[in-house]
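Hi,

Here is the structure I promised to pass on to you. Have a look at it first, and then read my notes below.

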Amino acid sequence: MRILVTGGNGQVGWELQRTLACLGEVVAPGRAGLDMSQPETLRAAVRALRPRLIVNAAAYTAVDRAESERDLAYAVNAEAPRVLAEVAAELGATLVHYSTDYVFDGAGEAPFTEEAPVNPLNVYGASKAAGEAAIRAACDRHLIFRTSWVYGRRGANFLLTMQRLLRERPELKIVDDQIGAPTWARSIAEATALIMAQIESPARGADRPAPWGTYHLTQQGATSWFGFAEAIRAALIAQGEAANALARLTAIPSSEYPTPAPRPLNSRLANAKLARVFGLQLPDWRVALGQALDGS
Ligand SMILES: NC(=O)c1ccc[n+]([C@@H]2O[C@H](COP(=O)([O-])OP(=O)(O)OC[C@H]3O[C@@H](n4cnc5c(N)ncnc54)[C@H](OP(=O)(O)O)[C@@H]3O)[C@@H](O)[C@H]2O)c1
């Protein structure tokens, strides 16, 4: 099976190149080989590749910059997924796509289910919600995995930024009223491979249609950005760094850390559907963080 992974240099895309290799031949052109902001070039390139599985890990993920780069955010997060879905439908291929907790407005304290109405607070979230809708309209054979607070050992993410700032600064003020599940890019990529293996398995039988649709896919448990930062600090100390050489952490409300793009306060996503349909549950966020920091 030929598998096209877009965004192969991103956090999730990089891990996918490894976890999907046991399912087939992975083709992962970088931005130079496949520019997601050019819909017609993208359409022609995917048609020529004829993949049986398209995994779209490319995205415009600069949440604050998206407020002033709306067109580019929509081109990559809404228009490109629409094109991928159209070509997938044409080829009879499957499309796997990733979306975000930021499609929700973060009201209340209960975890959002897949059926909860979207109501994004910022341009990035709106562009991702538009991408989801475009995929549902164009291609039945799709899986949309909404995840949250993604980090890994490479790329731009909270873990790497915190590790650097903890060593550089005497004090860090971190938001304590946004609650979500930090999710390791490798956990997302592993779950994607396991789910695709289930769907592609000959044991499934042609009479059992695959459970296409939208799923929430996050690490179990929840914390605030402050809680995440505390866990990163504790891990550095456990690895031998001196506590007094690391920044002190102070909890602040979002109102004291204004950003161009407002963020939802409640980013909890309910993962029960993933467990019910695929029998999968990602480990607790603290377990995944420990594994990510082990370097294993
Ligand atoms: N990061 C998070 O906290 C988070 C949270 C919830 C959901 N998600 C979703 O999870 C998925 C994976 O995110 P991630 O964290 O792995 O993102 P990431 O590390 O920012 O990677 C995104 C990838 O998309 C590529 N890309 C962006 N614009 C492109 C363009 N015009 N043409 C071709 N490639 C382009 C980037 O290429 P370059 O390497 O060349 O820049 C990069 O490889 C995305 O759908 C994202 O929306 C992420």
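**Around the ligand**

A backbone N or O atom of Ala59 sits 3.1 Å from an oxygen atom of the ligand, which makes a polar contact (a pair of N or O atoms within 3.5 Å). Val150 also has a backbone N or O atom by a ligand oxygen, at 3.0 Å. In total, 25 residues surround the ligand, and the closest are Val12, Met36, Thr61, Tyr124 and Lys128; a residue counts as near if one of its heavy atoms lies within 4 Å.

Before you go on: this is a predicted model, where local features need pLDDT of at least 70 and side-chain atom pairs count only at pLDDT 80 or more, while totals for chains, interfaces and linings use all residues. Residues are numbered from 1 along each chain as its sequence is written, and side-chain values use heavy atoms, with hydrogens and water left out.

Helices (H or I, at least four residues) and strands (E, at least two) are DSSP runs, numbered from the N terminus. Now find strand β3, residues 53-56. Which way do its side chains point? Leu53 and Val55 go one way, Ile54 and Asn56 the other, and all are buried (under 20% relative accessible area, with a 1.4 Å probe and protein chains only). In a regular strand the side chains alternate between the two faces of the sheet.

β3 pairs in the parallel sense with β1 (residues 2-6) over four bridges, and with β4 (residues 94-100), also parallel, over four bridges; pairing takes at least two DSSP bridges. Leu53 is the bridge partner of Ile3, and in β4 the partner of Leu53 is Thr94. From β3 the chain crosses through helix α3 (residues 70-91) to β4, in a right-handed β-α-β crossover: with the strands pointing away from you, the path from the first strand over the helix to the second runs clockwise.

**The cores**

The largest nonpolar core has 53 residues, and Met162, Leu166, Ile174 and Leu289 have the most contacts inside it. Such a core is a set of buried Ala, Val, Leu, Ile, Met, Phe, Trp, Tyr and Cys residues joined through side-chain atoms within 4.5 Å. Apart from it lies another core of 27 residues, including Val12 and Phe145.

What does Leu289 touch? Not counting residues up to four places away in sequence, Leu289 touches Tyr151, Leu159, Phe228, Ala231 and Ile232 (contact means heavy atoms within 4.5 Å).

Cheers

Note on methods
Buried < 20%, exposed > 50% of the residue type's maximum accessible area, 1.4 Å probe, protein only. Polar contact = N/O pair within 3.5 Å; in protein donor to acceptor, adjacent residues only side chain to side chain.
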